[in-house]
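Thanks for coming, everyone. Please look at the screen while I talk.

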Amino acid sequence: MNTVLTRVPVRIPLAGGGTDLPLYSSRFGGFLLSAAINKYVYVLANRPQMTDTIRVKTSVEQEVTCLDEIKYDVARESLRYCGIKNNIQVTFEGDVPHGTGLGTSGSYTVGLIKAFSALKGKILTSQEIAEAACYVEMEMLKLPVGKQDQYMAAFGGVRILKISTEGRVDVENPQISWHTLDNLRGSMLFFFTGQRHDSNKILGAQKILVDSGNQELLNYYHKIKSIGLDILEALQRGDLIAFGELLHQHWLTKRNLAGGVTNPAIDRLYDLAMADGALGGKIMGSGGGGFFMFFCRPGRQEELRATMQKQGLRELSFDYDFTGATVVYASQ
């Protein structure tokens with residue numbers, strides 16, 4: 001193939017977010033419930049006939065003759081991992097901004113691995129793609145990230161991720177009825193705070209604390225994991241009110257994590273939401289900005305929407321994605 005376009009979903013963590021991080025999972029194992037949604041990143045990769053250079057187009061365009069000169073680190077190391085050293089052009093687009101807590105970086109890495117593998121005629125399983133993306137981010141780039149984003153991007157759907165202390169990931173389908181999932185989707189509202197965050201900075205600060213022996217931070221993650229297991233049980237029995245209340249307990253725990261998970265502006269938005277219809281909520285990803293997700297009390301969605309709109313926040317509509325990373329176009 002000479003041209004490949006991949007489409008990869010982003011994700012929303014429903015339970016256990018953060019327990020996939022090696023600072024925790026390597027000691028105690030991780031548990032997550034997560035959902036891929038129909039907001040996507042796109043990676044277009046092609047082999048131009050008239051040049052042997054490497055061209056990478058993000059918000060800016062870079063054309064180089066040497067792999068090491070590429071500034072976008074994920075693109076550079078994904079090319080290196082796949083053994084592509086020249087004669088390649090890569091373009092990136094996305095439905096949501098980068099740095100907003102929906103796992104776009106992991107999705108882009110998955111999209112790169114899938115595109116480059118297809119160019120070379122290799123067919124990889126979802127697990128192989130996810131592990132390759134994890135290797136690029138965690139081993140080659142030494143980023144303080146976990147495995148949730150890459151696995152959800154590769155697999156799609158609503159999934160349980162169980163991560164062993166050795167780093168093995170088991171992907172399971174939760175026993176949650178479609179009726180419950182549909183009602184859950186209708187009660188979750190997403191709003192963009194207008195702020196972006198540096199997840200590597202936040203997670204790096206937490207890693208430093210754990211490495212220095214900070215037991216309090218680990219205890220917070222223990223509680224997040226325990227709440228996550230309770231959330232799964234609530235959804236499996238179709239108890240959405242319990243889900244919302246547990247989401248609130250999760251937020252009260254998560255906001256104590258180090259590195260800038262919350263700030264006065266985020267706390268104010270949360271308090272307004274709780275006063276005007278929300279049962280619980282949380283900031284997506286590592287925190288510090290990005291998208292806020294709130295779970296509404298029955299019949300109070302419009303009230304919450306009006307409150308957030310008055311604060312200048314834009315709503316993100318969504319549905320589930322069950323396809324995962326996909327090649328949507330390929331040509332010889």
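I will start with the whole chain and then go to a few places in it.

This is a predicted model, where local features need pLDDT of at least 70, side-chain atom pairs count only at pLDDT 80 or more, and totals for chains, interfaces and linings use all residues. Residues are numbered from 1 along each chain as its sequence is written, and side-chain values use heavy atoms, with hydrogens and water left out.

First, the overall picture. The protein chain has eleven helices and twelve strands. Helices (H or I, at least four residues) and strands (E, at least two) are DSSP runs, numbered from the N terminus. The radius of gyration is 20 Å, which agrees with the value near 20 Å for a compact globule of 332 residues. That radius is taken over C-alpha atoms, and the globule rule is 2.2 Å times the number of residues to the power 0.38.

How much of the chain is buried? Buried residues make up 56% of the 332. Buried means under 20% relative accessible area, exposed over 50%, partly exposed in between, with a 1.4 Å probe and protein chains only. Now contacts, meaning heavy atoms within 4.5 Å. Of those with a separation of 6 or more, 74% are between residues 24 or more positions apart.

Next, helix H5, residues 148-155. Seven of its eight residues are buried, so H5 is largely enclosed by the rest of the structure. Among them are Tyr151, Met152 and Phe155. What covers the buried residues of H5? The cover includes strands E1 (3-15) and E2 (30-46), and helices H3 (104-119) and H4 (126-140). After H5 comes Gly156, with a positive phi near 70°.

Most residues other than glycine have a negative phi. Asn87 is not a glycine, yet its phi is positive, about 55°. Lys142 is also a residue other than glycine, with a positive phi near 60°. Asn87 sits in the loop between helix H2 (73-82) and strand E5 (88-94). Lys142 sits in the loop between H4 and H5. Are they buried or exposed? Asn87 is buried, at 16% relative accessible area. Lys142 counts as exposed, at 60%.

Last stop: Gln62, in strand E4 (residues 61-64). Gln62 counts as buried because its relative accessibility is 18%. Its side chain reaches the backbone oxygen of Glu69 at 2.6 Å. Leaving aside neighbours within four places in sequence, Gln62 is in contact with residues including Ile54, Val56 and Ile70.

Key. A polar contact is a pair of N or O atoms within 3.5 Å; within protein, one must be able to donate a hydrogen and the other to accept it, and residues adjacent in sequence count only if both atoms are side-chain atoms.
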